[in-house]
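Here is a short report on one structure.

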Amino acid sequence: MLRERVADDIYIFTSDLYVKVTAGVIFTSQGVVVIDTLLFPQETSEIVDLVRRKSKSGVRYVINTHSHSDHVYGTYLFNGAEVIAHELCRQTLQKCGEEELSEAKEQIPELAEVQLRLPSLTFNEELILRLGDKTLRLLHTPGTTPDSIVVYAREDKVLFAGDTVMPVPYIVDGDRLELMESLRAIAKLSLDNIVQGHGGVLLRGEIKGTLKSSIAYLETIYNRVKEKVEAGAPRDELRRIGIESCGKSRIPLDGLVQDLHQANLEVLYDQLIPGES
Ligand SMILES: [Zn+2]
């Protein structure tokens, strides 16, 4: 697992085992905040170990950026912490969490010990958390999922973006227009780093261009799929719309971005064919 330090008190962990999913740790004089966890307990345990070594007070809050299993399943390892998320994240986990977890356990034996933890502190639009000399703004940024939030560490100018910022924007569980709006809101923040939900940390010089190309990508895929639908093309033809022709690289996440891209096209196709919604 990769561990990086993006500011004096801020560490980022990137999984080797599952699609480069990331988690962040912020140390403050009034306790530690963990932002997202990793899918496999053995990897999240490395975060627990770092906190044990570096802080007496332990983890005070775990923030879930959205309800997807790859980000929330390690939450149970932070026993005494209060769990913060969007209200919709709590509702989603309450409704589907146990069932999805038992299915996941059947497929992935390493998850045997995982327990579901529901967020206990939730919000709708914005929550500001002040700890020591840190101000964390939690903002609702729907689009990838309806319950997505980002965490802006104001003094350090670091944004923990969850899956709202990824090497390719992903709309299969969400909404394209909402995601575009959320990305525009992020572009207005003063930022030195963006921690993506999957993949490498974006540095200051890359942020503007990346957000711009993500917004353009969401516009382009819509137009490209619309052309196909209007020409009466069958679903198979979506394969001809390559990710690079929509302005995004095909390399990140070991090439998995191409599958995410294809899934985006298919969901748009289903929305656009006449007679279906
Ligand atoms: Zn994810």
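The zinc ion has four protein donors, Asp70 (OD), His71 (NE2), Asp163 (OD) and His198 (NE2), at 2.1 to 2.7 Å. Donors are N, O and S atoms within 2.8 Å of the metal (3.2 Å for Na, K and Ca); water is not among the atoms, so sites may look incomplete. Along the chain, the donors follow the spacing D-H-x91-D-x34-H. The 4 donor atoms subtend angles of 81 to 162° around the zinc ion, so the arrangement is irregular. Tetrahedral would need all four-donor angles between 85 and 135 degrees.

This is a predicted model: local features need pLDDT of at least 70, side-chain atom pairs need 80 or more, and totals for chains, interfaces and linings use all residues. Numbering starts from 1 along each chain as its sequence is written, and side-chain values use heavy atoms, without hydrogens or water.

About 1,400 Å² is buried between domain 1 and domain 2, with 76% from carbon and sulfur atoms. Buried area is the accessible area (1.4 Å probe) that both parts together lose on being put together. Pro167, Val168 and Arg176 supply 38% of what domain 1 buries against domain 2, more than any other three residues.

There is 1 salt bridge between the domains. A salt bridge puts a side-chain nitrogen of Lys or Arg within 4 Å of a carboxyl oxygen of Asp or Glu. Lys20 and Asp254 form a salt bridge at 3.5 Å, N to O.

Note on methods. Buried area = accessible area lost by both parts, 1.4 Å probe. Tetrahedral: all angles 85-135°; square planar, octahedral: opposite > 155°, others 65-115°.
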